[in-house]
Amino acid sequence: MKDRVIDRIKYVMDMRPLFDSQAVFSDESPQFRTPFQPKVGEDVTISIRVGVGQVDNIHIEIGKRRYLMTYSKTKGDFDYFTWTTHLGEERIYYRFELEVGTRIFYYTKLGLSKEHIEYADFLISPGYEVPRWLHGAVMYQIYTDRFKNGNPSNDVMTNEYYYLNAPVRHIDDWDAPPESMEV
């Protein structure tokens, strides 16, 4: 009886921890892609984070090709897996496939799912660089067909009214970076 209890304890101790879907994370930031804005002809390393000991394998999928990712390190409660490739000129759309026992999960920009959602794949555009002033900025789409300046007499004038406790200004140089409004 004592031996069976010891065997049962060993079995339970050797079991994999429960899969924590909240521990899975990757994005297109410098923390999970190095270099952050890769150039044509450079090597790029892509990473993903999962809970310690919670997955059997992680593949990165590019189109119909699958590549096994390599365990990189454990930091705190997380295991990190990486994959490195040499970039050509073409864009790369990728997603992650996680094997957890007999289950398969996909990880895209929308998070974890049981099915691959193609339009949510991550993207690398070799040679594309975001201007430094745009890092961390919030973008608004302006549909120019709805805002054609058909009547310049109704353009906003400097100090015409206040917005966010500051006077508005007429914009002359539309190529200049936007000014900070401290919001």
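In what order do the elements of the chain run from the N terminus on? The order is α-β-β-β-β-β-β-β-β-β-β-β-β, and the chain accordingly holds one helix and twelve strands, where helices (H or I, at least four residues) and strands (E, at least two) are DSSP runs numbered from the N terminus. This is a predicted model, in which local features need pLDDT of at least 70 and side-chain atom pairs count only at pLDDT 80 or more, whereas totals for chains, interfaces and linings use all residues. Residues are numbered from 1 along each chain as its sequence is written, and side-chain values use heavy atoms, with hydrogens and water left out.

**The chain as a whole**

- Of the 183 residues in the chain, 28% are buried, a term that means under 20% relative accessible area, with exposed meaning over 50% and partly exposed lying in between (1.4 Å probe, protein chains only).
- The accessible surface of the chain comes to about 13900 Å², and 53% of this belongs to carbon and sulfur atoms; such areas come from the Shrake-Rupley method with a 1.4 Å probe, and for residues only the protein chains shown count as cover.
- Among contacts (heavy atoms within 4.5 Å) between residues at least 6 apart in sequence, 60% join residues at least 24 apart.

**Strand S7 and its partners**

- Eight of the nine residues of S7 are buried, so this strand is largely enclosed by the rest of the structure.
- S7 pairs with S3 in the antiparallel sense over six bridges, pairing being assigned if DSSP finds at least two bridges between two strands, and within this pairing Ile 60 stands opposite Phe 96 in S7.
- S7 and S10 are also antiparallel, with three bridges between them, and Tyr 94 has Phe 122 in S10 as its bridge partner.
- Strand S8 (residues 103-108) runs antiparallel to S7 and is joined to it by five bridges, with Phe 105 in S8 as the bridge partner of Leu 98.
- S7 and S8 form a hairpin with two residues between them, and Gly 101 in the turn has a positive phi of about 65 degrees.

**The open sheet S1-S2-S6-S5**

- Four strands make up an open sheet in the order S1-S2-S6-S5, with antiparallel pairing.
- Strand S1 (33-34) and S5 stand at the edges of this sheet, and because each has a single partner strand, one side of each is left without a neighbour in the sheet.
- S2 and S6 pair over nine bridges in the antiparallel sense, and the bridge partner of Arg 49 in S6 is Tyr 80.
- Strand S5 (residues 70-75) and strand S6 (residues 78-86) run antiparallel and are joined by five bridges; they form a hairpin with two residues between them, where Gly 76 in the turn has a positive phi of about 65 degrees.
- Lys 73 stands opposite Tyr 80 in S6, and the charged end of Lys 73 sits over the ring of Tyr 80, 5.2 Å from its centre; this requires NZ of Lys or CZ of Arg to be within 6 Å of the ring centre and within 35 degrees of the ring normal.
- Arg 49 lies over the face of Phe 78, at 4.0 Å from the ring centre.

**Aromatic pairs**

- A search of the whole structure finds nine aromatic pairs, which are rings of Phe, Tyr and Trp (its six-membered ring) with centres within 6.5 Å, counted as stacked with planes under 30 degrees apart, as edge-to-face over 60 and as tilted for the rest.
- One of these pairs is formed by Phe 25 and Phe 32, edge-to-face at 5.4 Å centre to centre and with 70 degrees between the planes; Phe 25 is partly exposed at 29% relative accessibility, whereas Phe 32 is buried at 1%.
- The rings of Phe 96 and Phe 122 also make an edge-to-face pair, because their centres are 5.8 Å apart and their planes stand at 65 degrees.
- This pair links distant parts of the chain, with Phe 96 in strand S7 (residues 92-100) and Phe 122 in strand S10 (residues 122-124), 26 residues apart.
- Phe 96 is buried with a relative accessible area of 0%, and Phe 122 is buried at 3% relative accessibility.
- Ring pairs link Tyr 94, Phe 96, Tyr 107 and Phe 122 into a cluster.

**A buried glutamine in a loop**

- Gln 54 is found in the loop between strand S2 (43-51) and strand S3 (57-62), and this residue is buried, with a relative accessible area of 9%.
- The side chain of Gln 54 reaches the backbone oxygen of Leu 18 at 3.1 Å, and a polar atom of that side chain lies 2.9 Å from the backbone nitrogen of Asp 20.

Terms used:
A polar contact is a pair of N or O atoms within 3.5 Å; within protein, one must be able to donate a hydrogen and the other to accept it, and residues adjacent in sequence count only if both atoms are side-chain atoms.
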